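Here is a report on a two-chain model. The sequence and structure come next, and the reading follows.

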2 protein chains.
Amino acid sequence: MANPSTYYLVTGGAGFIGSHLIDLLLADPATKEVRVLDNFSSGRQEHLAHHEHDPRLKIHTVELLELDKVVPHFLGVDQVFHLAANPDARWGIENTRLDLEQETIVTYNVLEAMRRQKVPRIVFSSSGTVYGDVGTTVTHEKLGPALPVSLYGAGKVASEGLISAFCATFGLRAIIFRFGNIVGERTTHGVMYDFIRQLAKNPADLKVLGNGHQAKPYVYVRDLAAGLMFGQERCRALPPSQFDVFNLAPDGATSVRFIATELLRQLGFSDRTKIHYGEATQGWPGDVAQSRMDSSKLRAAGFPIPRSSDEAVSFALSQILQWLSGRTSQLDDLRLPR
Amino acid sequence: MANPSTYYLVTGGAGFIGSHLIDLLLADPATKEVRVLDNFSSGRQEHLAHHEHDPRLKIHTVELLELDKVVPHFLGVDQVFHLAANPDARWGIENTRLDLEQETIVTYNVLEAMRRQKVPRIVFSSSGTVYGDVGTTVTHEKLGPALPVSLYGAGKVASEGLISAFCATFGLRAIIFRFGNIVGERTTHGVMYDFIRQLAKNPADLKVLGNGHQAKPYVYVRDLAAGLMFGQERCRALPPSQFDVFNLAPDGATSVRFIATELLRQLGFSDRTKIHYGEATQGWPGDVAQSRMDSSKLRAAGFPIPRSSDEAVSFALSQILQWLSGRTSQLDDLRLPR
């Protein structure tokens, strides 16, 4: 389906997911403008540097917590992708206010800016964490949101509730995606990043948080960005005040043990590195150790996720290693020994 | 079950629900102290005036949005009842930030204060609005929270998520009650209050928002306060990090038409007042016009709600009218003609 000419606004557009989405948006000739709002706390200019000659890309350094500074940027926008968030669920344990601000209050500000500027549509990046800790139960959209075990998940639940309420009360339209774990190049956190960091410092030992049997579904980030593009088409087709929710994760799950082993295999480190597993079933307090998601609703709507979870992990690792091998800037500390 | 000696803290303790709860807490000789934190936006000193000679009651005027001022009050507390909130779901339409602040951020502050002062237990007043607008579907606890249609409901969903996350991450214990509509003396808003206000100004006409077929379950406020007392016993029995959720509403539902007719009957106005119904099925945008709740879980746990919804409405009307007839202060404008 061809998109009509569209003005986009992407919060967190310089981040891990956002920058891949922007690659797709700018590849579409119908795109009139892509406005990026990012506070560059985890976003990076270099993720968008390859678009520096595209006049349709406008990058604004904005703290989304400041409503009055946010609102003017929403003038004339057709479609919002709200991706800005605290990228790591673990950070909420140390700073309990982080997710309240960077998830809940920021989402409120985005919705309020949309209401004031009459922006009709939003695609939102939620997470399977909204289902709470339900073990290996396969979660489908009707199950939730439920009661989350991390402050990160609480921020996603709060954001979904706000979107739902703004749609019903003020006529917005929304697509909410609940993602599995996202992996790929330009990552700034997560298990792969942690492992590679460790090996860059000391290739002899790899320490795993928890017993390594934690298993979740993983999505490759470019597949996810394609899902976001599909989401905005669905969003355009919604009647006012309506929203819809889709899981976006492959069937099944990949264990942390698989990730560790596969990383060592791709690096040729299998005989060089000793993996040290912990004893806990959970990586940290608030970690959901097991997660399985049912994306049949999204598949039936017309977006099949192209890779299995294990395939996504293997492919993402190869892409990350290739990406890192070409780096010379602030990621120098991630250069791996050869 | 006798309570052990306990230090209580009640947010919103001077409000409609809070003041009835405090009557019960102070009636228990095991109560060592009841600390009330209230910003007196809708709470009133007079609701607690009959306890002014009880040294166990400590009333503090506190804005719960200011975390640093809140935290010291939580020192030495055993059990929190968090009742402070925006009392009227309609207010969120005009001021979209109200519920974010008075529900979500305030609940975060309460939980963070508990974490810092090592307060182990909280009973929270949530609402059936967390189930969203599901028509006459009878909601049970496993259904939700779902996706709410009002900003008020979004604030309750966000608060439940925060409580769940703080329990899992920091070891708190919680009981969450999802209330039906609460009615009784000391009310400061809601359909009965609206109707009585109208009749005080003009007994000839009563205007109903919507077609009057809106129907929800109503709980009499003193029955609800007894439920809160039951809740704190359950809360004490929970292991650390655990929470439980209970609906608290009678079976069935009472229509707005019943409330209007019953009020006129009790006033002797049935032949004097003309009722004017609107046409909408909803009272206002974000209103959940139909709601039915299943409280069998609470009943099975040992707390049967003593009145049906219609009985609660009739009894509450009689109590409100008796309460108003004795008033001379700021409620003078609510004095009804005779």
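## Exposure at a strand end

A residue is buried if 20 or more other C-beta atoms lie within 10 Å of its own, exposed if 12 or fewer, and partly exposed in between, with C-beta atoms placed from the backbone. A:Thr61 has 12 other C-beta atoms within 10 Å, so A:Thr61 is exposed. The residue sits in strand β3 of chain A, residues 57–61. Helices (H or I, at least four residues) and strands (E, at least two) are DSSP runs, numbered from the N terminus.

Contact here means that the C-beta atoms of two residues, placed from the backbone, lie within 7 Å. Beyond its neighbours within four places in sequence, A:Thr61 is in contact with A:Asp38, A:Asn39 and A:Phe40. The C-alpha atoms of A:Thr61 and A:Val36 are 8.2 Å apart, while 25 residues separate the two along the chain.

## Basis of the model

This is a predicted model: local features need pLDDT of at least 70, side-chain atom pairs count only at pLDDT 80 or more, and totals for chains, interfaces and linings use all residues. Residues are numbered from 1 along each chain as its sequence is written, and chains are lettered from A and ligands numbered from 1 in the order in which they are written.

## The sheet of chain A

Chain A holds an open sheet of seven strands, in the order β3-β2-β1-β4-β5-β7-β12, with parallel pairing. Two strands pair if DSSP finds at least two bridges between them. The edges are β3 and β12 (243–248) of chain A; each has a single partner strand, so one side of each is left without a neighbour in the sheet. Neighbouring strands are turned by 15° against each other on average, direction ignored. Axes are lines fitted to C-alpha atoms, for helices over the stretch in contact, and angles run from 0 to 180 degrees between N-to-C directions.

Strands β5 (121–127) and β7 (173–179) of chain A run parallel and are joined by seven bridges. A:Ser126 stands opposite A:Arg178 in β7(A). Helix α1 (16–27) of chain A packs on the sheet and touches β1 (6–11), β2 (31–38), β3, β4 (79–82) and β5 of chain A. The direction of α1 makes about 170° with that of β2(A). Helix α7 (221–237) of chain A lies across β4, β5, β7 and β12 of chain A, at about 155° to β7(A).

## The sheet of chain B

In chain B, seven strands form an open sheet in the order β3-β2-β1-β4-β5-β7-β12, and the pairing is parallel. Here β3 (57–61) and β12 (243–248) of chain B stand at the edges with a single partner strand each, so one side of each lacks a neighbour in the sheet. The twist averages 15° from one strand to the next.

Four bridges join β1 (6–11) to β4 (79–82) of chain B, which run parallel. B:Val10 has B:Phe81 as its bridge partner in β4(B). Helix α4(B) lies across β1, β4 and β5 (121–127) of chain B, at about 175° to β4(B). Helix α5(B) packs on the sheet too, touching β5, β7 (173–179) and β12 of chain B. Its direction makes about 155° with that of β5(B).

## Where the chains meet

How many residues of chain B are in contact with chain A? The count is 28 residues of chain B against 28 residues of chain A. On the chain B side, α4 (98–117) and α5 (151–170) are the elements that give two or more residues. α5(B) gives the most, with twelve residues. By class, that side divides into 16 nonpolar, nine polar and three charged residues. Ala, Val, Leu, Ile, Met, Phe, Trp, Tyr, Cys and Pro count as nonpolar, Asp, Glu, Lys and Arg as charged, and the others, Gly among them, as polar.

Chain B can be laid on chain A with an RMSD of 0.0 Å by a turn of 180° and a shift of 0.0 Å along the axis. That is the relation of a two-fold axis. The C-alpha of B:Ala158 is the one nearest the axis in chain B, 2.1 Å from it. Both copies use the same surface: 100% of the contact residues of chain B recur in chain A. Copies are superposed by least squares on the C-alpha atoms of residues with pLDDT of at least 70 in both.
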